[in-house]
Amino acid sequence: LRGNGRFFGFYEHPFTHTRDYAKGAFTNPNHFANFLAMGVPLLLAWYAAQTSAAPAQRDRYLSARERLEQMSAPFALAALAVVSVGILLSQSRGGRVTACVGAIVALALLLTQRVLTMKAAGTIGGIAVAALVSLTFFGSHIESLIAQNFHELVSGDVEQLDHAAGRQKIWAAAAKGIAHCPLLGTGLSSHREVYWTYFDH
């Protein structure tokens with residue numbers, strides 16, 4: 001939001017900046033998007049649970065806790081909108097796919113259990129549209145980049161999705177490493193140091 005290229009507006013990272021993509025506290029926009037995507041099903045479930053709960057009686061005094069519970073549904077919707085915009089601004093195709101799959105599975109489960117009403121589902125759809133429309137506030141450059149990413153994602157063309165097969169080469173190296181250490185792996189956050197051992201490109 002500060003637009004000065006620094007994380008949190010004041011921290012200047014030695015190897016990356018914040019002028020290109022939304023990254024939050026991550027140096028990689030894909031990691032940021034996937035972190036946010038994990039919250040989408042939880043926010044949908046929270047909103048559905050709040051809207052399906054029995055409404056409080058209007059003719060009696062509401063305690064502070066009951067008033068807070070009444071505010072939970074609008075708060076969940078607002079959080080869902082902010083998270084959705086964050087995922088879109090990260091321009092991460094993988095994050096978008098993860099969020100969509102998580103949302104579809106969560107909505108299917110909520111509808112199957114009859115926790116989510118059709119009115120609530122319509123509201124969620126409206127939030128999704130509002131999140132897309134809000135991107136216009138970030139300028140035509142961001143809007144065109146996101147439109148281009150969506151086009152590449154929908155095309156299903158591997159060459160467009162993975163230029164020069166960079167990700168596929170790294171995944172192939174990771175698969176070889178998994179074969180050598182199938183149970184415990186090589187340790188948390190060790191990928192960037194270890195995958196070179198199996199990277200033959």
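Biologist: Thr16 is found in the segment before α1. Why does Thr16 count as buried?

Modeller: This is a predicted model, in which local features need pLDDT of at least 70, side-chain atom pairs count only at pLDDT 80 or more, and totals for chains, interfaces and linings use all residues. Residues are numbered from 1 along each chain as its sequence is written, and side-chain values use heavy atoms, with hydrogens and water left out. Buried means under 20% relative accessible area, exposed means over 50%, and partly exposed lies in between (1.4 Å probe, protein chains only). Thr16 has 17% relative accessibility, so Thr16 counts as buried.

Biologist: What makes the pair of side chains Thr16 and Lys23 a polar contact?

Modeller: A polar contact is a pair of N or O atoms within 3.5 Å; within protein, one must be able to donate a hydrogen and the other to accept it, and residues adjacent in sequence count only if both atoms are side-chain atoms. The two side chains meet at 2.6 Å, so the pair qualifies. Leaving aside neighbours within four places in sequence, Thr16 is also in contact (heavy atoms within 4.5 Å) with residues including Phe7 and Thr27.

Biologist: Why is the pair Asp20 and Lys23 called a salt bridge?

Modeller: A salt bridge needs a side-chain nitrogen of Lys or Arg within 4 Å of a carboxyl oxygen of Asp or Glu. The N to O distance here is 3.4 Å, so the pair passes. Lys23 is buried at 3% relative accessibility, whereas Asp20 is partly exposed at 29%.

Biologist: How many salt bridges are there by this rule?

Modeller: The count is three. Another of them joins the side chains of Glu12 and Arg6 at 3.7 Å, N to O. Glu12 is exposed at 57%, and Arg6 is partly exposed at 37%.

Biologist: What do the side chains of Lys176 and Asp200 form?

Modeller: They meet in a salt bridge at 3.0 Å, N to O. Lys176 lies in helix α8 (residues 166-180) and Asp200 in the segment after α9 (191-194), so the pair ties together parts 24 residues apart in sequence.

Biologist: How do you know that the span of helix α4 agrees with its number of residues?

Modeller: The expected span is 1.5 Å times one less than the number of residues. For the 20 residues of α4 (residues 93-112) that gives 28 Å, and the end C-alpha atoms are 28 Å apart, so the two agree. Just after α4, Arg114 has a positive phi of about 60°.

Biologist: What makes Val97, Val101, Val105 and Leu109 a nonpolar patch?

Modeller: Patches take residues with over 30% relative accessible area and no salt bridge; nonpolar side chains (Val, Leu, Ile, Met, Phe, Trp, Tyr) are joined within 5 Å, like charges within 9 Å. Val97, in helix α4, has 37%, so Val97 passes the area cut-off. Together the four have about 330 Å² of accessible area, by the Shrake-Rupley method with a 1.4 Å probe, where only the protein chains shown count as cover for residues. An α-helix has 3.6 residues a turn, so residues three or four places apart point the same way.

Definitions and conventions. Helix = DSSP H or I, 4+ residues; strand = E, 2+ residues; numbered from the N terminus.
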